Amino acid sequence: MAKLYENDGITMFLDKIDRTKNVIEQFNLDIEVSNGQLIYRDETQTGNFVNLMQDSYYKTLIGDQNGIDEKR
């Protein structure tokens, strides 16, 4: 997390809310978006929020497969 903070990357998922909404839909994440804000309800969502902060979601170039980088 400190590495993201130093590089101003920790808020990228908020700054690019349209892309974040697409990720939430593509990966069927249990996160609600209302009026451009992400709604945090409980600790079961924490992992998804951390993955969004770390930009851990991706799509492969050749196979066009969605994935989560678990090592970030």
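Modeller: Reading along the sequence, the protein chain runs α-α-α-β-β-α-β-β, so to speak in DSSP terms: helices are H or I runs of at least four residues, strands are E runs of at least two, and both are numbered from the N terminus. That makes four helices and four strands. Keep in mind that this is a predicted model, where local features need pLDDT of at least 70 and side-chain atom pairs count only at pLDDT 80 or more, while totals for chains, interfaces and linings use all residues. Numbering starts from 1 along each chain as its sequence is written, and side-chain values use heavy atoms, with hydrogens and water left out.

Some background on the whole chain. Of its 72 residues, 29% are buried, and buried means under 20% relative accessible area, with exposed over 50% and partly exposed in between (1.4 Å probe, protein chains only). The accessible surface comes to about 5500 Å², and 46% of that belongs to carbon and sulfur atoms; areas are Shrake-Rupley with a 1.4 Å probe, and for residues only the protein chains shown count as cover. A contact is heavy atoms within 4.5 Å. Among contacts in the protein chain with a separation of 6 or more, 31% are between residues 24 or more positions apart.

The largest nonpolar core has 12 residues: Phe 13, Ile 17, Val 23, Ile 24, Phe 27, Leu 29, Ile 31, Leu 38, Phe 49, Leu 52, Met 53 and Tyr 57. Two or more of these residues come from each of α3 (17-26) and α4. By "nonpolar core" I mean a set of buried Ala, Val, Leu, Ile, Met, Phe, Trp, Tyr and Cys residues joined through side-chain atoms within 4.5 Å.

Start with α4, residues 46-53, whose buried residues are Asn 48, Phe 49, Asn 51, Leu 52 and Met 53. Leu 52 sits in this helix and counts as buried because its relative accessibility is 7%. Setting aside neighbours within four places in sequence, Leu 52 is in contact with Phe 13, Thr 20, Val 23, Leu 29, Ile 31 and Tyr 57.

Next, the rings. There are two aromatic pairs; rings of Phe, Tyr and Trp (its six-membered ring) pair if their centres lie within 6.5 Å, and planes under 30 degrees apart are stacked, over 60 edge-to-face, the rest tilted. Phe 27 and Tyr 57 make a tilted pair, 4.8 Å centre to centre with 50 degrees between the planes. This pair links distant parts of the chain, 30 residues apart: Phe 27 is in the loop between α3 and β1 (32-34), and Tyr 57 is in strand β3 (residues 57-59). Phe 27 and Tyr 57 are both buried. Tyr 40 and Phe 49 form an edge-to-face pair at 5.5 Å and 70 degrees. Phe 49 is buried because its relative accessible area is 10%, whereas Tyr 40, at 46%, counts as partly exposed.

Then there's the stretch leading out of α4. Asp 55, in the loop between α4 and β3, has phi near 55 degrees, a positive value in a residue other than glycine. With 43% relative accessible area, Asp 55 is partly exposed. Ser 56 is found in the loop between α4 and β3 too, but is buried at 1%. Not counting residues up to four places away, Ser 56 touches Asn 51, Gly 67, Ile 68, Asp 69 and Arg 72.

Finally, the largest pocket, at about 310 Å³. Of its 14 lining residues, the closest to the centre are Arg 19, Thr 20, Val 23, Asp 55 and Tyr 57. Elements giving two or more residues to the lining are α2 (12-15), α3 and β3, and α3 gives the most, with five. For the definition: on a 1 Å grid over the protein atoms alone, a pocket is an open set of points where a 1.4 Å probe fits, with protein on both sides within 12 Å along at least five of seven lines, and lining residues have an atom within 4 Å of a point. Points are joined across faces, edges and corners, and the volume is the space filled by probe spheres set on them.
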